[in-house]
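Here's a quick briefing to read alongside the model. Have a look at the picture first, then work through the points below.

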Amino acid sequence: MTLTVAAIALGLAAALVYAFRCWAFPFARCWWCKADGRNAAGYCNACHGTGRRVRLGRHVYDLIRAEYRRGTK
Ligand SMILES: [Zn+2]
C-alpha cells in the first residue's frame with residue numbers, strides 16, 4: 001500500500017516537473033539532427049534547420065488553450 005502511494009506521488013511529481021518545463025521552456029533539442037540543424041541529407045526537415053523543436057507537452061498545452069479560447073468566444 002505504501003509503495004503504491006509512493007509510486008503515485010512520484011508519478012505526479014514527475015508530471016508536475018514536466019508540465020513546468022513545457023510551460024517555462026517550450027523548446028527542446030531536435031531529435032533528428034541533435035540540434036545541429038543539418039542531417040546526413042543536408043537540411044533537417046524536422047526542425048526546419050533551427051535545431052530546436054517544440055516539446056510534445058507544449059503542443060498538447062497549446063491545443064487545449066486554443067480549444068478553450070474557441071469555446072469561450
Ligand atoms: Zn533538426
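Let's start where the helices touch: Tyr18, Ala19 and Cys22 in α1 meet Gly57, Arg58 and Tyr61 in α2. Sorted by class, that contact has four nonpolar, one polar and one charged residues. Keep in mind that this is a predicted model.

**How the two helices pack**
- The axes of α1 and α2 (residues 56-71) sit 9 Å apart and cross at an angle of about 75°.
- That puts α1 roughly perpendicular to α2, because angles of 65 to 115 degrees fall in that class.

- Helix α1 covers residues 2-24, and its 23 residues should span 33 Å at 1.5 Å a residue.
- Is α1 buried or in the open? Zero of its 23 residues are buried, so α1 lies largely in the open.

**The chain as a whole**
- In total, the chain has two helices and four strands.
- Going along the sequence, the order is α-β-β-β-β-α.
- The chain is more spread out than a compact globule, because its radius of gyration is 17 Å, well over the 11 Å that the globule rule gives for 73 residues.
- Along the principal axes, the C-alpha atoms fill a box of roughly 55 × 40 × 15 Å.

**Burial and contacts**
- Of the contacts with a separation of 6 or more, 33% are between residues 24 or more positions apart.

Definitions and conventions
Residues numbered from 1 in each chain as written. Predicted model: local features only at pLDDT ≥ 70, side-chain atom pairs only at ≥ 80, totals over all residues. Expected span 1.5 Å × (residues − 1). Buried ≥ 20, exposed ≤ 12 C-beta atoms within 10 Å, placed from the backbone. Rg over C-alpha atoms; globule rule 2.2 N^0.38 Å. Contact = placed C-beta atoms within 7 Å. Axes fitted to C-alpha atoms, helices over the stretch in contact; angles between N-to-C directions. Parallel < 35°, antiparallel > 145°, perpendicular 65-115°, else oblique. Nonpolar A, V, L, I, M, F, W, Y, C, P; charged D, E, K, R; others polar.
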